[in-house]
Amino acid sequence: MVREIQTLLLSHKHIHLRWLKAHAGYLSNECADQLAKEAITEGDLFFLPKPLSYLKSEIKSAALSIWQDKWDNGETGRSTHDRA
(Lines give C-alpha, C1' and ligand atoms only; values in the text may rest on other atoms or scores of the structure.)
Protein backbone atom coordinates (compact mmCIF):
# COMPACT_ATOMS: atom_id res chain seq x y z
CA MET A 1 0.00 0.00 0.00
CA VAL A 2 2.84 2.39 0.86
CA ARG A 3 4.56 1.68 -2.44
CA GLU A 4 1.33 2.38 -4.32
CA ILE A 5 1.00 5.72 -2.52
CA GLN A 6 4.64 6.56 -3.24
CA THR A 7 4.14 5.75 -6.92
CA LEU A 8 1.05 7.94 -7.08
CA LEU A 9 2.81 10.83 -5.35
CA LEU A 10 5.81 10.57 -7.67
CA SER A 11 3.59 10.57 -10.75
CA HIS A 12 1.56 13.59 -9.55
CA LYS A 13 4.16 16.28 -8.90
CA HIS A 14 1.50 18.83 -7.93
CA ILE A 15 0.62 16.91 -4.75
CA HIS A 16 2.72 17.80 -1.73
CA LEU A 17 2.60 16.27 1.74
CA ARG A 18 3.29 18.59 4.62
CA TRP A 19 3.06 18.42 8.38
CA LEU A 20 0.30 20.46 9.99
CA LYS A 21 -0.19 21.08 13.65
CA ALA A 22 -3.25 19.12 14.76
CA HIS A 23 -6.36 20.88 16.01
CA ALA A 24 -5.10 24.29 14.91
CA GLY A 25 -8.18 25.18 12.86
CA TYR A 26 -6.97 24.14 9.41
CA LEU A 27 -10.17 23.40 7.47
CA SER A 28 -8.73 20.47 5.48
CA ASN A 29 -7.24 18.89 8.59
CA GLU A 30 -10.50 19.28 10.53
CA CYS A 31 -12.36 17.64 7.63
CA ALA A 32 -9.87 14.74 7.58
CA ASP A 33 -10.31 14.32 11.35
CA GLN A 34 -14.09 14.23 10.96
CA LEU A 35 -13.93 11.63 8.18
CA ALA A 36 -11.59 9.47 10.28
CA LYS A 37 -13.99 9.65 13.24
CA GLU A 38 -16.92 8.69 11.01
CA ALA A 39 -15.01 5.72 9.62
CA ILE A 40 -14.34 4.47 13.14
CA THR A 41 -17.84 4.99 14.55
CA GLU A 42 -19.91 3.88 11.58
CA GLY A 43 -18.30 0.44 11.41
CA ASP A 44 -17.51 0.68 7.71
CA LEU A 45 -13.78 0.48 8.25
CA PHE A 46 -11.76 -0.37 5.21
CA PHE A 47 -9.55 -3.41 5.47
CA LEU A 48 -5.87 -2.87 6.12
CA PRO A 49 -3.74 -5.95 5.67
CA LYS A 50 -1.54 -7.04 8.53
CA PRO A 51 2.00 -5.61 8.61
CA LEU A 52 4.55 -7.22 6.33
CA SER A 53 6.61 -8.35 9.33
CA TYR A 54 3.59 -10.26 10.69
CA LEU A 55 2.91 -11.89 7.32
CA LYS A 56 6.58 -12.90 6.96
CA SER A 57 6.50 -14.42 10.43
CA GLU A 58 3.34 -16.40 9.64
CA ILE A 59 4.74 -17.67 6.33
CA LYS A 60 8.02 -18.67 7.99
CA SER A 61 6.16 -20.48 10.76
CA ALA A 62 3.95 -22.34 8.28
CA ALA A 63 6.94 -23.30 6.11
CA LEU A 64 8.88 -24.58 9.12
CA SER A 65 5.85 -26.56 10.27
CA ILE A 66 5.48 -28.18 6.84
CA TRP A 67 9.21 -28.91 6.71
CA GLN A 68 9.19 -30.40 10.22
CA ASP A 69 6.21 -32.61 9.34
CA LYS A 70 7.97 -33.87 6.21
CA TRP A 71 11.16 -34.42 8.23
CA ASP A 72 9.33 -36.37 10.94
CA ASN A 73 7.09 -38.41 8.63
CA GLY A 74 9.05 -38.66 5.39
CA GLU A 75 11.33 -41.58 4.62
CA THR A 76 14.35 -39.56 3.49
CA GLY A 77 14.38 -37.17 6.42
CA ARG A 78 13.53 -39.87 8.96
CA SER A 79 16.32 -42.18 7.78
CA THR A 80 18.82 -39.32 7.98
CA HIS A 81 17.51 -38.35 11.40
CA ASP A 82 17.71 -41.95 12.71
CA ARG A 83 21.38 -42.28 11.74
CA ALA A 84 22.44 -39.38 13.91
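How many nonpolar, polar and charged residues does the lining of the largest pocket have? The model is predicted, and local features need pLDDT of at least 70, side-chain atom pairs count only at pLDDT 80 or more, while totals for chains, interfaces and linings use all residues. Residues are numbered from 1 along each chain as its sequence is written, and side-chain values use heavy atoms, with hydrogens and water left out.

Let's start with the overall layout. The chain has four helices and zero strands, in the order α-α-α-α from the N terminus on. Here helices (H or I, at least four residues) and strands (E, at least two) are DSSP runs, numbered from the N terminus. As for pLDDT, the predictor's confidence in each residue from 0 to 100, its mean over the chain is 78, with 81% of residues at 70 or more. Confidence is highest in helix 1, at a mean of 86, and lowest in helix 4 (residues 75–83), at 58.

Now to the pocket. On a 1 Å grid over the protein atoms alone, a pocket is an open set of points where a 1.4 Å probe fits, with protein on both sides within 12 Å along at least five of seven lines; lining residues have an atom within 4 Å of a point. The largest pocket has a volume of about 210 Å³, the volume being the space filled by probe spheres set on the points, which are joined across faces, edges and corners. Its lining consists of Met1, Val2, Arg3, Pro49, Lys50, Pro51, Leu52 and Leu55. Helix 1 (2–11) and helix 3 (52–73) are the elements that give two or more residues to this lining. And the opening question? Six lining residues are nonpolar, none is polar and two are charged, where Ala, Val, Leu, Ile, Met, Phe, Trp, Tyr, Cys and Pro count as nonpolar, Asp, Glu, Lys and Arg as charged, and the others, Gly among them, as polar.

Proline 49 sits in the loop between helix 2 and helix 3. Although proline 49 and methionine 1 are 48 residues apart in sequence, their C-alpha atoms are 9.0 Å apart in space.

How much of the chain is buried (under 20% relative accessible area; exposed is over 50%, partly exposed in between, with a 1.4 Å probe and protein chains only)? Of its 84 residues, 2% count as buried. Asparagine 29, in helix 2 (residues 27–41), counts as buried because its relative accessibility is 19%. Beyond its neighbours within four places in sequence, asparagine 29 is in contact with Leu20, Lys21, Ala22 and His23, contact meaning heavy atoms within 4.5 Å.
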